Amino acid sequence: MRVTGVDDDLEVICHRPILKVWFVSMYDTWHEVGDRVYVRRHRSFDMNTGLVVGDDGHCLVIDTRSSHREAADLIEAVRTITPGPWTVVNSHAHFDHCFGNALFRPAEIWGHVRCAEELESHGEQQRANMIEYRPERREELEEVTIVPPDQTFAVTASLDIGGRMVHLRHFGLGHSSNDVVVHVPDAGVVFAGDLVEEGAPPAFADSYPLDWPATLAAMLAEMPEDVIVPGHGAVVDRAYAWAQHDELALVADLAKRAHVEGLRDLIGRFPYAEDISQQAIVRAFRQLDA
């Protein structure tokens, strides 16, 4: 989840002009970014869902959105591409990526083992937090049945999606404790989840800032593909992802220094706005004090 949020009616997303991105001009429409690999970018939270279609029509749905109503919209969109059965993967346990899970059952739902654990332990708190943040969506959020993944893994898993192999990888702590990267090697596409964000700064509220740079670097080292789908925003390339890695590494370094030297002379050197930097600092200090 991006903590800044994006209003559902927002039509213009600010992009970093110095970084190369693949602009997606339309919302709520599938865009094919590789052979039978699709991205649908939504106005709600500027969040991306993915679809990988196998040779027999079986498909992999990547993330299920933030409510049953949004999931129903996604299902209708999937059916414009394939009538086949689906398997689901959750990129991580934040509500905007998995609160639509119930509508995709009884299909298998894959996720990291900690994704299932965190939805069990903290899912209701996420619901309460979002109702407080977006009270106009109370009814929509209250009708959600929180369904954790029923197929879990710790480091790696491979799925046969209609004859196509799709690989799931957990590279370590980053945006959350349970980020999953979806690798579609025959199409040259990587779904990075919220390990990479475009259109807004990375979201640090539930993050591990000291680990995030190394986790992203490990993903980029193992997966050479140049089409990278972030959890939010426009599809990007490796140059963009490496540039974001460098920003995250600067955040980690400055947070370590601030823990010793104090913030006064360092806060202005963070690459993000002060409110975002403060979230990163709080999380980094929690790691350093553990």
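Two strands are taken to pair where DSSP finds at least two bridges between them. In this predicted model, strand β5 (residues 59-62) and strand β6 (residues 86-89) pair in the parallel sense over four bridges, and within this pairing the bridge partner of Cys-59 is Trp-86 in β6. Both strands belong to an open sheet of seven strands, ordered β2-β3-β4-β5-β6-β7-β8, in which the pairing is mixed. The edge positions are taken by β2 (30-34) and β8 (151-153), each of which has a single partner strand, so that one side of each is left without a neighbour in the sheet. From one strand to the next, the twist averages 25°. Helix α3 (residues 113-133) lies across β7 (109-112) and β8, and runs at about 95° to β7.

A contact between helices was examined in turn. The axes of helix α5 (residues 212-222) and helix α6 (residues 238-261) come within 8 Å and cross at roughly 160°, which makes α5 roughly antiparallel to α6; the crossing in which α5 passes α6 is left-handed. On the α5 side, Trp-212, Pro-213, Leu-216, Ala-217 and Leu-220 meet Arg-238, Ala-241, Trp-242, His-245, Leu-248, Ala-249 and Ala-252 of α6, and the residues of this contact divide into ten nonpolar, one polar and one charged.

As to confidence, the mean pLDDT of the protein chain is 92, with 91% of its residues reaching 70 or more. Over residues 2-24, however, pLDDT stays under 50, although the model has 67 contacts beyond four places in sequence for these residues. Where pLDDT is low, the predicted coordinates should not be read in detail.

Definitions and conventions. Residues numbered from 1 in each chain as written. Predicted model: local features only at pLDDT ≥ 70, side-chain atom pairs only at ≥ 80, totals over all residues. Heavy atoms only, no water. Axes fitted to C-alpha atoms, helices over the stretch in contact; angles between N-to-C directions. Helix = DSSP H or I, 4+ residues; strand = E, 2+ residues; numbered from the N terminus. Parallel < 35°, antiparallel > 145°, perpendicular 65-115°, else oblique. Left-handed = near helix turned anticlockwise from the far one by under 90°. Contact = heavy atoms within 4.5 Å. Nonpolar A, V, L, I, M, F, W, Y, C, P; charged D, E, K, R; others polar. pLDDT = per-residue confidence, 0-100.
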